[in-house]
Amino acid sequence: MLQSINSSSIPDIARQSRLAARQLAPASDAQRNLALAKMAEALQAVRARVLTVNADEVAKARDAGQTEAMVKRLTIDDKMFDYMLSRLNKVAQLPDPLNRILTGHTNPAGLRVYKKSVPLGVIGMIYESRPNVTTDAAGVCIKSGNAVILRGGSEALQTNAILTDAMVEGAVAAGLPQHAIQIVRTPGHEAVGELLQQDRYIDVLIPRGGKSLIKRIAEGTRIPVIKHYDGICHLYLAADAEPDKAVALAVNSKFQSVQVCNALETLLVDAACAERLLPLLYEAFNAQQIELRGCEQTLQLLPGIAAAAEEDWSSEYLAPILSVKIVAGIQQAIAHINHYGSGHTDGIVTQSLSLARQFEEQVDSASVMINASTRLSGGGDYGLGSVVGISTDKLHVRGPVGPEGLTTYKWVAVGDGHLRE
């Protein structure tokens with residue numbers, strides 16, 4: 001098997017990625033899609049080895065006292081492996097994000113001017129525990145014509161290395177440069193620190209992991225960072241919310257997967273429907289063993305739950321805990337979300353088109369859900385095929401970051417000897 005870079009220094013890896021990015025940029029969509037297909041084939045060939053090595057790393061993580069949530073994120077089984085392959089295939093089916101004419105015109109002097117989409121260049125991915133990020137990131141970057149440097153956590157180093165080596169083999173078989181996909185195999189913080197200094201070669205960094213990791217990356221580099229610190233997601237049940245729909249959406253938003261960034265963390269209930277809905281919500285959440293923490297008004301209707309403290313409104317629990325607050329109308333709900341939220345995903349349950357429009361226009365979040373679970377905010381349900389993360393920034397991209405999110409543009413002017421007069 002063709003091996004990706006093993007012992008090269010971080011500066012060497014960065015330089016090689018820059019050269020590879022220049023070779024990759026002019027590759028056709030057909031060639032990039034072929035590379036994705038061959039990457040999936042090469043991954044399938046090492047499936048058994050990946051599962052064996054990953055099981056060993058999972059066992060070591062469990063023996064080391066890692067949390068069950070961490071162990072779950074680290075684990076690759078057959079179902080997850082199939083999911084990883086499907087993401088590569090889905091991203092290959094997307095329209096080409098490159099060489100699209102975004103705007104253009106011909107000026108009075110006959111100079112033809114247009115703006116076209118182009119790759120960002122070199123993407124640095126720094127992430128923890130999730131080996132599926134290795135394949136997702138490589139797939140999105142190849143589709144968008146970007147070289148990628150992968151730096152996963154030491155807890156999945158061997159799993160990530162096998163995945164990367166297979167994808168390098170597939171990409172090279174399709175005629176792409178070997179260094180279009182690279183992995184940093186050096187464990188420890190020093191390698192990350194050195195990677196943060198490669199602003200001459202790396203165009204953007206995308207950290208995925210806990211808040212402390214993202215904060216350290218963002219504060220330790222001159223390279224632009226696409227990031228999100230928190231997923232403090234809200235669901236507002238308006239006064240006219242249908243009871244069955246409201247309960248189903250609230251439970252699914254929280255319980256479907258409590259440890260992910262688009263899981264519900266704060267439920268806002270309109271005072272006009274609180275007496276009607278809260279007992280139903282309590283019963284549904286209690287059945288799923290979700291701990292509720294309520295405001296003073298909520299405690300009057302549900303006296304058996306815990307009292308919410310101020311820090312609960314700004315907490316991303318990533319656990320079976322939900323804070324509940326009664327609000328006096330949609331304006332108070334919007335104000336609460338814009339004050340305490342993280343700009344990730346926030347939703348409303350209502351039968352009113354005007355309330356839905358007001359919520360959509362005034363809530364400052366990357367994703368606004370109208371009568372839909374917060375768990376639906378993501379690349380797959382948005383038709384992006386695969387993503388490298390979710391951004392709560394506003395520059396350069398916001399929300400789920402798919403292939404289009406890893407492009408920029410260039411201006412092209414076509415003349416016939418045109419001169420400045």
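This section describes salt bridges, backbone features, a pocket and a surface patch in a predicted model.

The model is predicted: local features need pLDDT of at least 70 and side-chain atom pairs count only at pLDDT 80 or more, while totals for chains, interfaces and linings use all residues. Residues are numbered from 1 along each chain as its sequence is written, and side-chain values use heavy atoms, with hydrogens and water left out.

A search of the whole structure finds 22 salt bridges. A salt bridge here is a side-chain nitrogen of Lys or Arg within 4 Å of a carboxyl oxygen of Asp or Glu. Arg47 pairs with Asp78, and their closest N and O atoms are 2.8 Å apart. Helices (H or I, at least four residues) and strands (E, at least two) are DSSP runs, numbered from the N terminus. Arg47 is buried, at 15% relative accessible area. Asp78 is partly exposed, at 41%.

Asp82 counts as partly exposed, with 42% relative accessibility.

Glu219 is exposed, with a relative accessible area of 58%. Lys215 is partly exposed, at 42%. Elsewhere, salt bridges that share partners join Asp29, Arg32, Asp96 and Lys143 into one network.

Helix H9 (211-219) also contributes to a pocket lining. The second largest pocket holds about 230 Å³ of space. A pocket is an open set of points on a 1 Å grid over the protein atoms alone, with protein on both sides within 12 Å along at least five of seven lines; lining residues have an atom within 4 Å of a point. Grid points are joined across faces, edges and corners, and the volume is the space filled by probe spheres set on them. The lining comprises 13 residues, of which Glu128, Arg151, Gly153, His189 and Arg216 lie nearest the centre. Strand E3 (122-127), helix H8 (189-195) and helix H9 each supply at least two lining residues. By class, four are nonpolar, five polar and four charged.

Backbone features occur in loops. Ser129 has a positive phi of about 60° although it is not a glycine. Ser129 sits between E3 and helix H6 (132-143) and is buried, at 4%. Gln289, also not a glycine, has a positive phi near 60°. Gln289 lies between helix H11 (271-287) and strand E9 (291-294) and is exposed, at 68%. The peptide bond from Leu395 to His396 is cis, with omega near 5°. His396 falls in the loop between strand E14 (390-391) and strand E15 (399-400).

Leu102, Tyr409 and Trp411 make a nonpolar surface patch of about 340 Å². Trp411 lies in strand E16 (residues 407-414) and is exposed, at 51% relative accessibility. Patch residues have over 30% relative accessible area and no salt bridge; nonpolar side chains (Val, Leu, Ile, Met, Phe, Trp, Tyr) are joined within 5 Å, like charges within 9 Å.

How values were computed: Accessible areas come from the Shrake-Rupley method with a 1.4 Å probe; for residues, only the protein chains shown count as cover. Buried means under 20% relative accessible area, exposed over 50%, partly exposed in between (1.4 Å probe, protein chains only). On a 1 Å grid over the protein atoms alone, a cavity is a set of points where a 1.4 Å probe fits but cannot get out, and a pocket is an open set with protein on both sides within 12 Å along at least five of seven lines; lining residues have an atom within 4 Å of a point. Ala, Val, Leu, Ile, Met, Phe, Trp, Tyr, Cys and Pro count as nonpolar, Asp, Glu, Lys and Arg as charged, and the others, Gly among them, as polar.
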